[in-house]
2 protein chains.
Amino acid sequence: MTVLVFIDPAHPGGRVADPDAPQLSVLDPGVTRGDGVFESALYTGGKVRKLEMHLSRMAVSAQVTDLIIPSAGAWRAAIATAISQYDAAASPGAAPAESVVKLIATRGAESADGVHDYGSAWVTVSPAPELGRRQRETGIDVLLLDRGYDSTVAERAPWLLMGAKTLSYAVNMAAIRHAKRNGADDVIFTSSDGRVLEGPTSTVLLATRERDEAGREVKRLVTPTLETGILPGTTQGAIFAAAKAEGWELGYGPVEPKHLREAAGVWLVSSVRLLTPVNSLDGEAINTDAELTAELSAMVDSIN
Amino acid sequence: MTVLVFIDPAHPGGRVADPDAPQLSVLDPGVTRGDGVFESALYTGGKVRKLEMHLSRMAVSAQVTDLIIPSAGAWRAAIATAISQYDAAASPGAAPAESVVKLIATRGAESADGVHDYGSAWVTVSPAPELGRRQRETGIDVLLLDRGYDSTVAERAPWLLMGAKTLSYAVNMAAIRHAKRNGADDVIFTSSDGRVLEGPTSTVLLATRERDEAGREVKRLVTPTLETGILPGTTQGAIFAAAKAEGWELGYGPVEPKHLREAAGVWLVSSVRLLTPVNSLDGEAINTDAELTAELSAMVDSIN
């Protein structure tokens, strides 16, 4: 079951539409050029998690791609309408425990000063994929794949749209297909100069356990630095805030593959699949740590 | 005026549809992931130019992206229907001299063995953009922009889909916007190791004039090697064949920016805009050669 709501100036709360009926023009640059931006948020327990972080990140994606998107208020209103329809459509007592709220805005016409308004903008709500929930429990096997870019490209080449979440995800999807063809589940991209970047649809976390001078255990949570051009992970950000509150040390890359292999644990995190332990890299088992996974999972579950 | 024809098993000649009405699902991976392939061909003088080359290249794009697309015969039938509708709709004596035939296939559902059939596949015919025809006459100012990849990436990282013409064109469009914001018209991408690659929607050609031992002039036409991961240009291929027949020497990169600055002339070529002379690189005038432009244009005009 999917609910669809378009943002439409004529409908302040959003325009409810049939997701099974054709809704988009074949001339929409969202489809002809993969030219638009998106976000995926988790809807669970009656709440869209990290909604404001998703709206903020979408505003950054729009800015990087010279796209004027609907206001945060218009998105919030359309989301509220979509969720209310979605909840009403669920069989009593059988609403999915976890659902995905997806926001998409495609490029529209160009204004006189060269800025583009949006063409179409809509919200869908649908059940979260079963696969992601299962992987959260079992963990995943991951291939390290070269993303082709070096880790300094974002700074020198803004036209590559690093750090923007655009609809042009063909390479991300191809990398995951490549992993599956080779017996793995997912991918961690590396830069051509050997840095760990991100997953095609996730952020990379690693944890270490050390002893300080007084013999106390220090837990450290590390993620690659944003300077490498990766997407700022909303889930990573929320976990980092929770981990800091619980006394963990925090670190921001550079991360190299050897750091993944030496870590106490490695996880891919994303808004819908949440925290997924990595069991192996390129076919070789790496450390996993059930205690840390449980601790981080509890932090993830507490995200609002 | 645009004519739209879907490839549809229930309609052997293609299913004519209204391009101004919504036709696509918001859940189509073509729009949610920029996941599909396309081609743009020129329709002029009653003929779709280089149709078989476009169909061949689309088949390669589909293979690289693990996508099963309609057969060449199905495309040909849909194109014939679209053109016949287009011609019939044109005012008598006022048919556009040049039109664009665009073929698009988006990703559909996955089969048991992990291969994806197409989701939607369609043909549009519409008038060629005025801008491209004007640029062909005036020439263009070009910025050299770093594509972020080094020139060996295609070989080592097939998951980057180099050489496939996918719908994920957000970066290509962003590069052209960047050029326009900076007073230029178009872009030539360079690799991070300093090689000339291609334009966001075109192939790069350069020509030199030399004297052989006998004092005869030797004209040489050069384009970057495909090993750099660029798209094989159908127009470049056709021009090379014509130039060879007329006694030119042919060369395939590596090309560096200095070669562009030293050449007798530099052109961007593509199926719809055809042969466009480059007047300047990064704000500095480069050599142009009206005689060579005329000679190459005549070859382009003779392409079938």
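This is a predicted model: local features need pLDDT of at least 70, side-chain atom pairs count only at pLDDT 80 or more; totals for chains, interfaces and linings use all residues.
Reader: Thanks. Where is L231(B) found?

Author: L231(B) sits in the loop that runs between strand 11 (217-223) and helix 7 of chain B.

Reader: And what does L231(B) touch, leaving out residues up to four places away in sequence?

Author: With those left out, L231(B) is in contact with R57(B), G163(B), A164(B), K165(B), Y169(B), E198(B) and L226(B). One of these, R57(B), is 174 residues away from L231(B) in sequence, yet their C-alpha atoms are 9.2 Å apart in space.

Reader: Over to chain A, then. How do helix 2 and helix 3 of chain A cross, at what angle?

Author: The axes of helix 2 (residues 51-64) and helix 3 (residues 72-89) of chain A cross at roughly 135 degrees and come within 11 Å. The crossing of helix 2 and helix 3 of chain A is right-handed.

Reader: Which residues meet there?

Author: L51(A), E52(A), L55(A) and M58(A) come from helix 2 of chain A, and they meet A72(A), W75(A), R76(A) and I79(A) of helix 3 of chain A. That contact of helix 2 with helix 3 of chain A counts six nonpolar, no polar and two charged residues.

Reader: Let's switch to the interface. How many residues of chain A are in contact with chain B?

Author: 53 residues of chain A are in contact with 53 residues of chain B. The two chains bury an area of about 4,300 Å² between them, and carbon and sulfur atoms give 61% of it.

Reader: Which three residues supply more than any other three of the area chain A buries against chain B?

Author: Those are V26(A), R33(A) and W159(A), which together supply 19% of the area that chain A buries against chain B.

Reader: Good to know. What does I104(B) touch, again without residues up to four places away in sequence?

Author: One contact of I104(B) is T32(A), on chain A, and on chain B I104(B) touches V37(B), F38(B), M58(B), W75(B), S120(B), A121(B), W122(B) and L167(B). I104(B) is part of strand 6 (residues 98-110) of chain B. With 1% relative accessibility, I104(B) counts as buried. The C-alpha atom of I104(B) is 9.2 Å from that of G30(B), which is 74 residues away along the chain.

Reader: Now the backbone. Which bond joins G253(A) and P254(A)?

Author: A cis peptide bond joins G253(A) and P254(A), with omega about 5 degrees. P254(A) lies in the loop between strand 12 (249-252) and helix 8 (257-262) of chain A. In chain B, the peptide bond from G253(B) to P254(B) is cis, with omega near 5 degrees. Most peptide bonds are trans.

Reader: And what is the phi of L161(A)?

Author: L161(A) has a positive phi, about 60 degrees, although it is not a glycine. L161(A) belongs to the loop between helix 5 (153-156) and helix 6 (170-181) of chain A. It is buried, at a relative accessible area of 6%. For L161(B), phi is positive at about 60 degrees, and its 6% relative accessibility counts as buried.

Reader: Last one: where is the place of S202(B)?

Author: S202(B) is in the loop between strand 9 (186-190) and strand 10 (203-211) of chain B. At 7% relative accessibility S202(B) counts as buried. Not counting residues up to four places away in sequence, S202(B) touches L268(B), V269(B), S270(B) and R273(B).

Definitions and conventions. Residues are numbered from 1 along each chain as its sequence is written. Chains are lettered from A and ligands numbered from 1 in the order in which they are written. Side-chain values use heavy atoms; hydrogens and water are left out. Axes are lines fitted to C-alpha atoms, for helices over the stretch in contact, and angles run from 0 to 180 degrees between N-to-C directions. Helices (H or I, at least four residues) and strands (E, at least two) are DSSP runs, numbered from the N terminus. A crossing is left-handed if the near helix is turned anticlockwise from the far one by less than a right angle, and right-handed if clockwise. Contact means heavy atoms within 4.5 Å. Ala, Val, Leu, Ile, Met, Phe, Trp, Tyr, Cys and Pro count as nonpolar, Asp, Glu, Lys and Arg as charged, and the others, Gly among them, as polar. Buried means under 20% relative accessible area, exposed over 50%, partly exposed in between (1.4 Å probe, protein chains only). Buried area is the accessible area (1.4 Å probe) that two parts lose on being put together, summed over both.
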